[in-house]
Amino acid sequence: MTETPAGAVFGAAPTVGVPELADWLRRFAALVAAAKDELTALDAAIGDADHGVNLDRGLQAVVARLPELGAPGATPASLLKGVALTLISTVGGASGPLYGTFFLRLAGSLGDAPAVGPGELAAGLRAGLDGMAERGRTQLDDKTMVDALAPAIAALAAGLPAAWDEVLARSVAAGAAGRDRVTPLVARKGRASYLGERSAGHQDPGATSAVLLLEALRDALAPAGAPG
Amino acid sequence: MSAPPRPAVGLVLVSHSPLVAAGTAELAGQMAPGVRIVAAGGLADGRLGTDAVRVVAAVEAADGGAGVVVLADLGSAVLAARTALELLGERAARVRLSGGPFVEGAVVAAVEASLGRDVDRVLAAAEAAAGLDKHVR
């Protein structure tokens, strides 16, 4: 757990509850919908051309269920577990179990709390990342979503307790840098790994959608008008 | 053929393709009366894909008390199967995931299950099917 020092000052003193998490998911769905063709084009180059379509389908199903998942009585954990199961059963490709496990472990980390602070959220995101990496037997430099999420979540934890909007912006920048850092590498997971050297030089679609997840988090949690 | 002497280990077949899963279940079932073989191919609406929630339901349907061996074909079928084990929680204690070949593994595992072998013996047989001699040389 990342401990929050007593008296720490956060920009906007964020508390992350069901409405904020639902907003994060809605924003993620909107970013993926807008980038669907780009994600699919990236995946067509080194995969099976379904990442954008699959993830968009799963997130649209999530958005349709958000009113029900976020109804009175919902907790962050119950919402996120519902999100996980929806992704797992509607995405169809590898990103279903991977993002699904991410949200499942994040949910598990948050317990029954009605809302959490930045430290708990950062620890939960770390648990989600660990679950995703374990599910895919993925390591850094395999050229996957983990290469974007790992540095971003590390930046989030390391940045606390600075101003929240700055930490979120730094986290997105670290994720985007991670995504771009692995572009020259040869993919070692998924369909892209079948291509061997041909995958080098192509931006990874999973790392690309992972940056959208981070951007959505920043937009949902940073106060309006925040930098980034 | 007589029924197995005790509850047989069940099989779950996970593929992106509903046809591959169902066809493999048909093939394996031909040799294994009394064994529950459940196909979990494709998405609920019939499209290509894998769905861990359907795999959970398939495991529950296949488990007659002696456990279940899950066979997955490629890529995200394996990820979906692993995710299903997490969703099953404690109920996954008698579920095994085979990394062996899909069709040959299913047939060999079904035969072993029909003989009343325990879940670890059925798993071992499914994975050993990778070394099956098809006498092509």
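Just after helix H4 of chain A, Gly92(A) adopts a positive phi of about 90°. The model is a predicted one.

Helix H4 of chain A covers residues 76-90. Its 15 residues, at 1.5 Å each, should span 21 Å, and the end C-alpha atoms are 21 Å apart, so expectation and model agree. Of the 15 residues of H4(A), 12 are buried, so the helix is largely enclosed by the rest of the structure. The buried residues of H4(A) are Pro76(A), Ala77(A), Leu79(A), Leu80(A), Val83(A), Ala84(A), Leu85(A), Thr86(A), Leu87(A), Ile88(A), Ser89(A) and Thr90(A).

Two other helices of chain A pair with each other. The axes of H8(A), residues 164-181, and H9(A), residues 205-221, come within 9 Å and cross at roughly 175°. Since angles over 145 degrees count as roughly antiparallel, H8(A) and H9(A) are therefore roughly antiparallel to each other. On the H8(A) side, the contact includes Trp164(A), Leu168(A), Val172(A) and Arg179(A). On the H9(A) side, among the residues in contact are Val211(A), Leu214(A), Glu215(A) and Leu221(A).

Chain B meets chain A through 16 residues, which are in contact with 16 residues of chain A. On the chain B side, helix H2 (52-62) and helix H3 (76-88) each supply at least two residues. H3(B) gives the largest share of that side, 6 residues.

Within chain B, helix H5 (residues 119-128) has Val122(B), Leu123(B), Ala125(B), Ala126(B) and Glu127(B) as its buried residues. These buried residues of H5(B) pack against strand S3 (68-72), strand S4 (95-98) and helix H4 (102-114) of chain B.

The largest nonpolar core has 122 residues, and Leu11(B), Val12(B), Val14(B), Val55(B) and Val70(B) touch the most other members. The largest share of this core, 10 residues, comes from H9(A). Leaving aside neighbours within four places in sequence, Val12(B) is in contact with Val38(B), Ala40(B), Val55(B), Ala58(B), Val59(B), Ala62(B), Val68(B) and Val70(B).

How values were computed: Residues numbered from 1 in each chain as written. Chains lettered and ligands numbered in written order. Predicted model: local features only at pLDDT ≥ 70, side-chain atom pairs only at ≥ 80, totals over all residues. Axes fitted to C-alpha atoms, helices over the stretch in contact; angles between N-to-C directions. Helix = DSSP H or I, 4+ residues; strand = E, 2+ residues; numbered from the N terminus. Parallel < 35°, antiparallel > 145°, perpendicular 65-115°, else oblique. Contact = placed C-beta atoms within 7 Å. Expected span 1.5 Å × (residues − 1). Buried ≥ 20, exposed ≤ 12 C-beta atoms within 10 Å, placed from the backbone. Core = buried A, V, L, I, M, F, W, Y, C linked by C-beta atoms within 7 Å.
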